[in-house]
Amino acid sequence: MLNPELPEVPRGRGIFCNRTLNMRSVKAIGYDMDYTLVDYRVDAFERMVYAQAQQRLASEGWPTEGLEFDARMVTRGLVIDTELGNLVKANRFGFVKRAMHGTRMLEFAEQREAYAQTLVDLSDPRWVFLNTLFSLSEGCLFAQAVDLLDRGALPRPFEYASLYRHVRARVDAQHLEGHLKAEIAAAPDRYVVQDPEAAQALLDQKNAGKKLLLITNSEWSFTSKMMAHAYDRHLPEGMTWRQLFDLVIVSARKPAFFTERGPFFEVVDESGLLRPLVGPLHLGGMYLGGSAAQVERDLGVSGDEILYVGDHMFGDVHVSKRTLSWRTALVLRELEGEVLALEGYRPIEVQLMALMREKETLEARLSRARLVLQRLRGTQPKPTRADESEAETRVHELRNRLLALDAEIAPLAKAGTELTNARWGLLTRAGNDKSHLTRQIERYADIYTSRVSNFLHATPYAYFRSPRGNLPHDPAGNKE
């Protein structure tokens, strides 16, 4: 029997709320599959994508010998600057906080020269946002290609923008041509992470009266194999993954699925045989293509009655929120490691905050001392030499104390900027500010979490309340 007491859940497995969401008012929950319902081993998955794209480039005469996939070279949330051949990390306002040209991190002076008067604006085609784990192989290969281009080692000339398009096309080909998914389907244990709790979380939602929808861009054959591998063994005896879902929609063509009105085709059998859909969608059906508008009409639900859960910031969360006003949940797999790193850093952070408060006090005293000295030097008639000398000594002493304090602060602050990744730091932070990725999450994801199975602990009846927004002028006691 289920214990009604709240279980002890690690903070990294929590569900975090940007906009208040009452799960009791949600009538349907849609799920993406890849990196959402089915979690992959990122290093193995992206290493395979990288290797296949690398082989394609080698067949075109590129000198790719010695190049290897480096999972820590790039992270989700970075932005490719196709004009300068850089990868950058920006804060929520679009200011570049870190930058890498090719595979070399830029020094501060280089970065300032390149971006002092430039803001990252994702509406400008110059910038490409790496907003999903599928982007890691693409970002790594592009950075290495920039090094080759700068050395004059490529078989034909490129600009950085055309170089990016060329690399992107070779990476995309691995997803489109079927070799990648065929290899995964042939050896799913190598690539798929089993999460037994995810099946129970979906069962709870279904038994609570929610209509469950699977809406994926993957084709039927791959979807069927991956879902069976990830879920069937964790369901009650005799039940399969298909019985979890009221609708299964494959090859959905997101984001067009949310914005256009494409036709539905019915998947007739396990082989993927199709026939045009005549009439409305029916519960328990399997379909290809279509549109969100018809899903709303045929299920009798719309807008904030539907929660859509996915890992792709644009294709899943942004478009469904902006176009249809669906409630949205972002799956951010890296969140667990990030929260764990922050908890481990907490004692150092407390020490750092105390030192920063001391620094602020010293800076205020130094500012006052400098003002006193300025006034003494400008006074008519002149003050005594003793007064001026005393003020100069005070300024000198405070400056020395600040230099000593900065030397103590620097290594602690540096450690905080390298949590989870020595090059780029935390996904959600850019220096002391929120990252550009975090800003996107705030704007478009009502809630966010590290994995689907976290809904198990929240239950289908949860009421997620957003925290009180704080402003710089709020009393200190009201701040988090």
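Visitor: In strand 3 (residues 28-31), which residues point one way and which the other way?

Guide: In this predicted model, Ala28 and Gly30 point one way from strand 3, while Ile29 and Tyr31 point the other way. Residues on both sides of the strand are buried.

Visitor: What makes strand 3 and strand 11 (residues 211-215) a pair, and in which sense do they run?

Guide: Pairing requires at least two bridges between the strands. Strand 3 and strand 11 have four bridges, so they pair, and the sense is parallel. Within strand 11, Leu214 is the bridge partner of Tyr31.

Visitor: How do you know that strand 3 also pairs with strand 16 (residues 306-310)?

Guide: The criterion is again at least two bridges. Strand 3 is joined to strand 16 by four bridges, and therefore these strands count as paired. They run parallel. On the strand 16 side, Val309 is the bridge partner of Tyr31.

Visitor: Why is Cys17 called buried?

Guide: The relative accessible area of Cys17 is 11%. Buried means under 20%, so Cys17 is classed as buried.

Visitor: Why does Cys140 count as buried?

Guide: Cys140 has a relative accessible area of 0%. Because this value falls under the 20% limit, Cys140 is buried.

Visitor: How many disulfides does the model have, and by what rule?

Guide: A disulfide is a pair of cysteine sulfur atoms within 2.5 Å. By this rule the count is zero.

Visitor: Where is Phe95 found, and why is Phe95 called partly exposed?

Guide: Phe95 lies in the loop between strand 6 (86-90) and strand 7 (96-101). The relative accessibility of Phe95 is 42%. Partly exposed covers the range between the buried limit of 20% and the exposed limit of 50%, so Phe95 belongs in that class.

Visitor: What makes Phe93, Phe95 and Leu119 a nonpolar patch?

Guide: A patch takes residues with over 30% relative accessible area and no salt bridge, and nonpolar side chains are joined within 5 Å. Phe95, at 42%, is over the 30% limit. Phe93, Phe95 and Leu119 form such a patch on the surface, with about 310 Å² of accessible area together.

Visitor: What describes the protein as a whole?

Guide: The secondary structure comprises 15 helices and 21 strands. Buried residues account for 49% of the 480 residues. The C-alpha trace spans about 100 × 65 × 35 Å along its principal axes. Of the contacts with a separation of 6 or more, 74% involve residues 24 or more positions apart. The accessible surface is about 23600 Å², and 52% of that area belongs to carbon and sulfur atoms.

Note on methods: Residues are numbered from 1 along each chain as its sequence is written. This is a predicted model: local features need pLDDT of at least 70, side-chain atom pairs count only at pLDDT 80 or more; totals for chains, interfaces and linings use all residues. Side-chain values use heavy atoms; hydrogens and water are left out. Patches are made of residues with over 30% relative accessible area and no salt bridge: like charges are joined within 9 Å, nonpolar side chains (Val, Leu, Ile, Met, Phe, Trp, Tyr) within 5 Å. Accessible areas come from the Shrake-Rupley method with a 1.4 Å probe; for residues, only the protein chains shown count as cover. A salt bridge is a side-chain nitrogen of Lys or Arg within 4 Å of a carboxyl oxygen of Asp or Glu. Helices (H or I, at least four residues) and strands (E, at least two) are DSSP runs, numbered from the N terminus. Buried means under 20% relative accessible area, exposed over 50%, partly exposed in between (1.4 Å probe, protein chains only). Contact means heavy atoms within 4.5 Å.
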